[in-house]
Amino acid sequence: MPFLNASSSATAAAIARARENAINRGSGDADEICPVCKSSRYLNPNMRFLVNPECYHKMCESCVDRLFSQGPSQCPVVGCDKILRKQKFRRQTFEDIQVEREVDVRKRIAKTFNKRQEDFPSLNEFNDYLEEVETVTFNLINSVDLSSTEAKIVAFEQSNKASILQNAAKSAQEAQFVQAQRDFDREQHRRARELEDEIEAEAKRDKIEHKANLLKALEADNPDAEVAKVNKQARKKSSMRKENQERRARELEAARNAPAFQFLANLNKPTDNEPHKPYDPVDGYDETNKYFVYREKYDNPWLDGALNDKSMLAGGYLVSQYCERAIFEAFSGIGCFIEDPPLEEAPFNASFDTPMADAVSV
Amino acid sequence: MAEDQLYTSTTQCKTWSFGPSTLSTIRQNTNAAGTRSIRRGWKRARVEASSANTPLATTPIPSSTPTPTPTPSIDPAAIPDPESLTPAEELTLVHYYMLRLIDMSDVFSFPSNVKSTACVFLSRFHLHHSVQAYHPKHLITTILFLATKTENHYIPLSEFCKRIPKLTPELVLKHEFTVAGGVRWDFDIKHPLRAAEGGIMELLTSLANGVSTNDPGLVALKERLAPNPVRRVQDAHGKMKSYLTKEALVSDVYYHYTPPQIFLAALWLADKDVAEGYIEWRFGENATMGRVAKKRKKDKKAKNPEEETAGAAEEAAKKGPALAPKLIPLVASCAEMMTGAREYEKIPVDELKRIDKKLHRCQNPQKFLGAGSSLGSGDNGNKKLPDEAVTGVKDKDKGDEKKRKVEEDPFGGTLHGRD
């Protein structure tokens, strides 16, 4: 019994230590076991797990060294016949291997399908494109129709080689531009801060100096005259300093407005070719009526009662508004001629009625 | 362009306007879907019936069932599938119930916009939902009540139910969601009613306020309607209203024409001269579109004749070609379609009974296959009020009870046994 007790307490201590280790390292389970060599983290606290994006089977670093140092070889996991290379092994970023895989797939898809909104005539078409891309991504992640999806991707890649490259270059350029802008801003901030610090230090120095001078002046024969002299000097100095500061601030401002790097001015800015139009809150809606001009007064004996009926008017009813609306409706749509669509268009999407019509009869 | 632009942005124009061939295609598709569901129902019932007829599973048929149950010796497989309704028969039935809806609305003396909305709801609902799947008789009270709500003509539900015998609030609300979804939540319907009022108002005002020499179209119209143009328009107005609240509803004009066109067609039926004269005045070659005052000002400004002609040409280009040559045949065809609605009033009762009988057979396979308790809740064979037939509450047999439970459960019953 005592023996057992001792061993169990020793184990508990070891587990606690291992757990602590694990926490310190910030990695997951303390009793993690390499699925290939079965060595556990408990025995080897420095064990690191690696995955290969070919098959995402996890194994420890030493297994990777052991198996793949000689060159590409088959994955040691039973039933996996992928050939893996050592250099492709990397640390897992996400705890969930599915997430890891999805992120990889998305990265890959994003590289190929890098069309932009301006490549499409309208937002709708761009959205259709995004949906199709998402379908492809979904298929890859969930292994649906793998072969046909891959074929699709390859076909797209082949036919859009030029535009993919172009768009990639564009994105790189944009990223560069953003980065340069950010660096420039940071530099400007630093300089402004330095200037401020300098000003503060100078002011402090002047103050101390002024104090010392005052004391000296008070020690002199006629303190009043000396003090006045010192004060005058200090004022002169401070106004000079201020002027100096203002000049430097102006310089800084000018530097901020000028491009810091020559190439920034030469960069193709991500512009849309269309010049900005003035904002139109009603989106081109025209107030003027095409078919009629509204008159001030219409003969309608039926409405005469309402004109003077307090119970109607109290609620805010306006006869003129009714008239305007009625006249408007008399012509709203008169120039629309409803016709059959051309034959090639589907007449109506029939999928709408099927589920409802197939429901249990009432 | 404001007027047409506004109409083209409505759901009525975008989702509920079709050319004639599109409309008939949709109706055929809907009919086919309904027929498919009938076939499925019969297939299911046949399986149930054959299993019920085996000696091991003899379920006693409750004596309370009023259905004429055939003897169990009949082989369910031997009974052929029922003949399904044709699109034309479905349409006949829908139009018949539209007329009933109009009658019912008159009982309540609802305003014409409620009446019209209710009819349009019924028509639109059955455009995408076959009569074979949803019998209109179960829906008309719901639709009428929904129309009072969407047209802002409030009536308490209890009051509403009091006026129709054997109607309960539950029955009205039961199908409300189905109907609302069936009209695609498009509750705002552009009726020609207010358009008609506006048009007549403008016409009367123009006629009464003396003829301005600037507007030859108006002079011509006045001559055409002599001796008493105002009186004539007023007469036509009265007649037109009745066309708008019946013929316009019980036909397909709401799908094929816009509200002003329907209004003109109704005016055409009421008095052809008024309608034609009005169109020629407003949309003819020299129509001023009511811009009399503005034009005169322009004429004064333009001093030399060259400038004047240029101005006129510019105005003409802005106006586009005259609408009248296109509008007159269109309105005439719309009027013709509206007169076709009268045929639906003349349909003999025997014909309607025949269709309903056919429908009854389609919807209640259990009764004709002898599957024991009737699972279909509708009891169309007995000439009960439409509203009562939906209840099924009175029947205490297990099947009905079970179905009711399933329907009452907000999340639906178990998936098992519901196809």
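Okay, let's start with one leucine: setting aside neighbours within four places in sequence, B:L203 is in contact (heavy atoms within 4.5 Å) with B:L221, B:V233, B:V274, B:Y278 and B:W281. Before I go on, this is a predicted model, so local features need pLDDT of at least 70 and side-chain atom pairs count only at pLDDT 80 or more, while totals for chains, interfaces and linings use all residues. Residues are numbered from 1 along each chain as its sequence is written, chains are lettered from A and ligands numbered from 1 in the order in which they are written, and side-chain values use heavy atoms, with hydrogens and water left out.

Back to our leucine. B:L203 sits in helix α10 (residues 192-208) of chain B; helices here are DSSP runs of H or I, at least four residues, and strands are runs of E, at least two, numbered from the N terminus. B:L203 has 1% relative accessibility, so it counts as buried. Buried means under 20% relative accessible area, exposed is over 50%, and partly exposed is in between, using a 1.4 Å probe and protein chains only. From B:L203 to B:L218 is 15 residues in sequence and 9.5 Å in space, C-alpha to C-alpha.

Staying in chain B, what about helix α5, residues 112-128? That one has 17 residues and reaches 25 Å from first C-alpha to last, close to the 24 Å expected at 1.5 Å a residue. The expected span is 1.5 Å times one less than the number of residues. Of those 17 residues in α5(B), 15 are buried, so the helix is largely enclosed by the rest of the structure. Just after α4(B), B:S109 takes a positive phi of about 45 degrees.

Now chain A, with its twelve helices and five strands. Buried residues make up 24% of the 362 residues there.

How do α4(A), residues 123-142, and α5(A), residues 146-159, cross? Their axes come within 10 Å and cross at roughly 135 degrees. Axes are lines fitted to C-alpha atoms, for helices over the stretch in contact, with angles from 0 to 180 degrees between N-to-C directions. The two are therefore oblique: under 35 degrees is roughly parallel, over 145 roughly antiparallel, 65 to 115 roughly perpendicular, and the rest oblique. On the α4(A) side we have A:V136, A:N139 and A:L140, meeting A:L146, A:T149, A:E150 and A:I153 in α5(A).
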